[in-house]
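Welcome! Let's take a walk through a protein model together, one region at a time.

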Amino acid sequence: MTITAAHVARAPRIRLGMVGGGRDAFIGAVHRIAARIDDQYELVAGCFSSDAEKSLASAADLGVARAYASFAEMAAREARRKDGIEAVAIVTPNPMHAPVAMQFLKRGIHVICDKPLTHTLPEAKKLAKAAEASGVVFALTHNYTGYPMIRQAAAMVAGGELGDIRLVQVEYAQDWLAEPVEESGQKQAGWRTDPARSGAGGSTGDIGTHAFNLANFVSGLSVEELAADLQAFVPGRRVDDNAHVLLRYSGGARGMLWCSQVAAGQENGLRLRIFGTKAGIEWEQENPNYLWVGPLGQPKYRLTRNGPGAGPEAGRVSRIPSGHPEGYLEGFANIYAEAARAIIARRDGTALDPAVTFPGLKEGLEGVAFVDACVRSSARNAAWVKLNL
C-alpha cells in the first residue's frame, strides 16, 4: 500500500493554539481546516483577536475552552500548564508575526506561521536568529509547495530529468484589485493596500512571494540578484499592484517573475514553467492535478496526481485516487502534516524521515529579502540589486 498523508502513524494529537483568525477572518478558517484534515492537531487555546471581547466570542464559536485577551498572556500561561499548547498557529496581520512569534519561541513552543515571515527584513533576520536559538520547529505556510504535482516537479528537477536548468518563468495574476475596492471598506483589500499593515510590497509581498518561493522550491536554485519594475496602476494606491522582475540564479540560470492584482479576467493564475537542457515542465495552480512534461525533441506528455508515472514524492502527500481534484486546502494541510511529523519526532526524540519537507526560516527570510530587493531595485529605475541575505 502506498503511504500517504492520510496514513500518518497515530500519535497523541498536537495541542495547538492560534493567535488571530477570529470572526470574519478568512485565513484563520483555512488554517483550522488544514490542521484537522489529517487529524494530527487539536485546537485547545487561542487569542483570536486583539479585541478581547471578540477573542472570547470567537473562542465560543469554535468551542475552544481556553481563550485569552492577549497573545502575551496566552504564551505565558500556556507555557506553565502541563497540558499547555505544543505549537501555535500565527494568522495575524503581517506586522504582528514577529512580536507574536517571539513570545512563543522564547518559551520553546513550536510555531506555524502564515507568510510572510515578518513585516521587514531586519525583523526577519532577528526572528530567524531567535528561532534557531530556541531549537523549535518553525513552519511557514507557503501552501503551494504542498501540492502533489509540485513535489513531483521538484523531484524531477532534483533527479536530473530536465538536465541543467536554463530558464525559470513564473507568474501569479489576479484581477480583484483592478479597481480601488479598498475605498469601499473591503477588509482584505484594506490591509493589503496599506503599507503600514502589508509592508513595503503590495502585490510583490502578497502573491509575488508565493511565485518566488514556488520557483525556488521546484528549481532548487537561489536568486543572486534581480531587477524589478513595480507599478501602482490604480490612482492613489500606495503599494505596487503589478510587478515585472528579472531574476539571475546561482549557476547561470535566468528567470522572469510577473505578479499582478490588476490583470483583468484573471482569478488565481499561478503558473510555473522551468526549462532545462533535456526537458521542460509546466504547472498551473488552477489545474493542479496536472504536470506537463516536454522532453527535447519528443512529444509533450501529461502526468496526473496519483496517476501512471507519478512518483513517491507526489504520492506521499496525496490522499485520494487520481481524477479527483486536490488543491488549496489540501496544500495547506500538507504543510501542517509535514510540520506535525517534525513536531512529533521532537516530542518522541526520534529521527525525522528525510522525505519530510516544509517551508521554514530560510524560505521566510528569502521571501522578505525578495520584497526588499524589488522595492530597492524599482526605486532605482529597475537597477540590478542583490538580495540582502
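Let's begin with two neighbouring strands: strand 1 (residues 14–20) pairs with strand 4 in the parallel sense, over five bridges. Please keep in mind that this is a predicted model. To find one of the places where these strands meet, look for V19, whose bridge partner in strand 4 is I90. Strand 4 also pairs with strand 5, again in the parallel sense, and here there are four bridges. In that pairing, A89 stands opposite I112 of strand 5.

How enclosed is strand 4 by the rest of the structure? Five of the five residues of strand 4 (residues 87–91) are buried, so the strand is largely enclosed by the rest of the structure. You can check this on both faces: A87, A89 and V91 are buried on one side, and V88 and I90 are buried on the other. Strand 4 also belongs to a right-handed β-α-β unit, together with helix 4 (residues 97–105) and strand 5.

## A buried histidine

Now turn to helix 1, where you will find H31. Is H31 buried or exposed? H31 is buried, and its relative accessible area is 0%. Its side chain makes a polar contact with the side chain of D114, at 3.1 Å.

Which residues is H31 in contact with, if we leave aside its neighbours within four places in sequence? The list is M18, V91, D114, T141, F332 and Y336.

## A buried alanine

Next, find A45 in strand 2. A45 is buried too, with a relative accessible area of 0%. Not counting residues up to four places away in sequence, A45 touches L16, G17, M18, V64, R66, Y68, M74, E78 and I85.

For a sense of distance, compare A45 with N334. The two are 289 residues apart in sequence, and their C-alpha atoms are 22 Å apart in space.

## Charged pairs

Side chains of opposite charge can pair when their charged atoms come close. How many salt bridges does this structure hold? There are 25 salt bridges.

One of them joins R319 and D38, whose closest N and O atoms are 2.7 Å apart. R319 sits in the loop between helix 10 (312–315) and helix 11 (328–348), while D38 sits in the loop between helix 1 (26–37) and strand 2 (41–47), so this pair ties together parts that are 281 residues apart in sequence. R319 is buried, with a relative accessible area of 19%, and D38 is buried as well, at 12%.

R66 is in strand 3 (residues 66–67) and E78 is in helix 3 (residues 71–80), which puts the partners 12 residues apart. Both R66 and E78 are buried. They are also part of a network of salt bridges that links R66, E78, R81 and D83.

A further salt bridge is formed by D206 and K115, with 4.0 Å between the closest N and O atoms. D206 is in helix 9 (residues 203–219), and K115 is in the loop between strand 5 (110–113) and helix 5 (121–134), 91 residues apart. D206 is buried, with a relative accessible area of 13%, and so is K115, at 9%.

## The whole chain

Finally, zoom out. The secondary structure of the protein chain comes to 12 helices and 15 strands. Along its principal axes, the C-alpha trace spans about 60 × 55 × 40 Å. A compact globule of 389 residues would have a radius of gyration near 21 Å, and the chain agrees with this because its own value is 21 Å.

Of the 389 residues in the chain, 56% are buried. What share of the contacts between residues at least 6 apart in sequence join residues at least 24 apart? That share is 68%.

Note on methods:
Residues are numbered from 1 along each chain as its sequence is written. This is a predicted model: local features need pLDDT of at least 70, side-chain atom pairs count only at pLDDT 80 or more; totals for chains, interfaces and linings use all residues. Side-chain values use heavy atoms; hydrogens and water are left out. A salt bridge is a side-chain nitrogen of Lys or Arg within 4 Å of a carboxyl oxygen of Asp or Glu. Buried means under 20% relative accessible area, exposed over 50%, partly exposed in between (1.4 Å probe, protein chains only). A polar contact is a pair of N or O atoms within 3.5 Å; within protein, one must be able to donate a hydrogen and the other to accept it, and residues adjacent in sequence count only if both atoms are side-chain atoms. Contact means heavy atoms within 4.5 Å. Two strands pair if DSSP finds at least two bridges between them. A crossover is right-handed if, with the strands pointing away from the viewer, the path from the first strand over the helix to the second runs clockwise. The radius of gyration is taken over C-alpha atoms; the globule rule is 2.2 Å times the number of residues to the power 0.38.
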